[in-house]
Amino acid sequence: MCVLSRIIEAAGIATVALMSVREVAERLPPPRTLYGNFPLGRPLGRPGDPEFQHDVLARAFGLLDAESGPVLADHPVVIESDDVPMECALPPRYNPSLPPAVDEALGLRAAFDRRLAQRGVTSVGRVLTPDDVPDALAALARIADGTKWKEAGLVGDPVRVSHDLRAYYDEAAQELVDRPPDAGRFEAWFYEETEAGRTLLAARAQMQEQEAPFPLWFYMARATR
Amino acid sequence: MKSFAAGVPLPDMGALPWTTPKPLAEARVAIVTTAALHLADDDRFTNDDTTFRVLPRERRDLMLGHYSPNFDRSGFGADLDVVFPIDRLEELAARGVIGSVAPRHLAFAGNQEDTLSAIRLDSGPHAAQLLRDDAVDVVLLTPV
């Protein structure tokens, strides 16, 4: 983003960047930066809070008054993110003949569909459709149980499959919680509370064990997982 | 993840460019994000993609196509504006705080090769020209 800011500024368009990593803005300064100590992925700070977002924008656009740069200002609010799983009800076990993650995903489908109807778009679709989610989880469950990852029936790049599964669960969960939770709490819920998250991490560990190419298993989940 | 990002090697970009904008109340504003947002019928971003997608001003049915698992996506899932504050810009334009909202906004995926040649010589200048064609005065950059 620092590089893009300089290219666009050099073309005669003033730029102001909302950065969440201060050190990057210090080492390769954009012309104007508002640093917000916010979770990565939330440059405006707080979802569902237009007043806060307008405060961020007002401070950012205020930097356009500077006569020379680089300009680096700090937003005064720090938004912490903890890793305590959010509270979000999961469907009860319905069909014991299915792997738990498959049963769970089927149970979340109604919530996913409500969210999709409300927003009109889903980020599921890199390689899976929503209908493919149970089969993908069944394949990951087989890998987790020791089946060779190439023989488990996983369709598509495992990283893209993982992103689609995360999107399916994130979007279903948005429908089941009252307001957007802290960033870390959403992720912790997926990996620690859901059968799908646990299955995904177990399959990823098995792929590492089976010496699958590094990029194919490592990027299935956050590096710190 | 922030400490990892803080240590990522960065290139030498030479002297800082500087453009003095027209007054904000007269300025046309565009958003450039690195969240890999795109429309359903756009080409998907790849894991090393240095190209960009065009996000029309009126569209809200955007997908998040980023390849990295290392940032929060739930905020975007709850509220597009926490990544791509298009509604906030519309409100600022309606109040006369900014002059206008650009007709086209841009999404990159935040990738750059070591030489930076694709961004510096290809997609970066292409993006800047597109913004100039739309008479954009100010760009708000929203990295993830």
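In this predicted model, helix 5 (residues 109–119) and helix 7 (residues 158–174) of chain A have axes that come within 7 Å and cross at roughly 80 degrees. Helices (H or I, at least four residues) and strands (E, at least two) are DSSP runs, numbered from the N terminus. Axes are lines fitted to C-alpha atoms, for helices over the stretch in contact, and angles run from 0 to 180 degrees between N-to-C directions. Helix 5 of chain A is therefore roughly perpendicular to helix 7 of chain A (65 to 115 degrees; angles under 35 count as roughly parallel, over 145 as roughly antiparallel, and the rest as oblique). Helix 5 of chain A brings Ala111(A), Phe112(A) and Arg115(A) to meet Tyr168(A), Glu171(A), Ala172(A) and Gln174(A) of helix 7 of chain A. This contact has four nonpolar, one polar and two charged residues. Ala, Val, Leu, Ile, Met, Phe, Trp, Tyr, Cys and Pro count as nonpolar, Asp, Glu, Lys and Arg as charged, and the others, Gly among them, as polar.

Chain A is divided into domain 1 (2–74) and domain 2 (100–218), with bounds from an automatic or database domain assignment. Their centres, taken over C-alpha atoms, are separated by 33 Å.

The contact between the chains takes 65 residues from chain A and 58 residues from chain B. Two residues are in contact if their C-beta atoms, placed from the backbone, lie within 7 Å. Elements of chain B that give two or more residues to its side include helix 3 (86–95), helix 4 (117–133) and strand 7 (138–142). Helix 4 of chain B gives the largest share, seven residues. The side of chain B that touches chain A divides into 37 nonpolar, 10 polar and 11 charged residues.

Strand 7 of chain B also runs parallel to strand 1 (residues 14–19) of chain A, joined by four bridges. Strands pair if DSSP finds at least two bridges between them. Here Thr15(A) has Val139(B) as its bridge partner.

Leu92(B) is found in helix 3 of chain B. Leu92(B) counts as buried because it has 22 C-beta neighbours inside 10 Å (buried: 20 or more; exposed: 12 or fewer; partly exposed: in between). Beyond its neighbours within four places in sequence, Leu92(B) is in contact with Leu57(A), Val97(B) and Ile98(B).

Residues are numbered from 1 along each chain as its sequence is written, while chains are lettered from A and ligands numbered from 1 in the order in which they are written. In this predicted model, local features need pLDDT of at least 70 and side-chain atom pairs count only at pLDDT 80 or more, whereas totals for chains, interfaces and linings use all residues.
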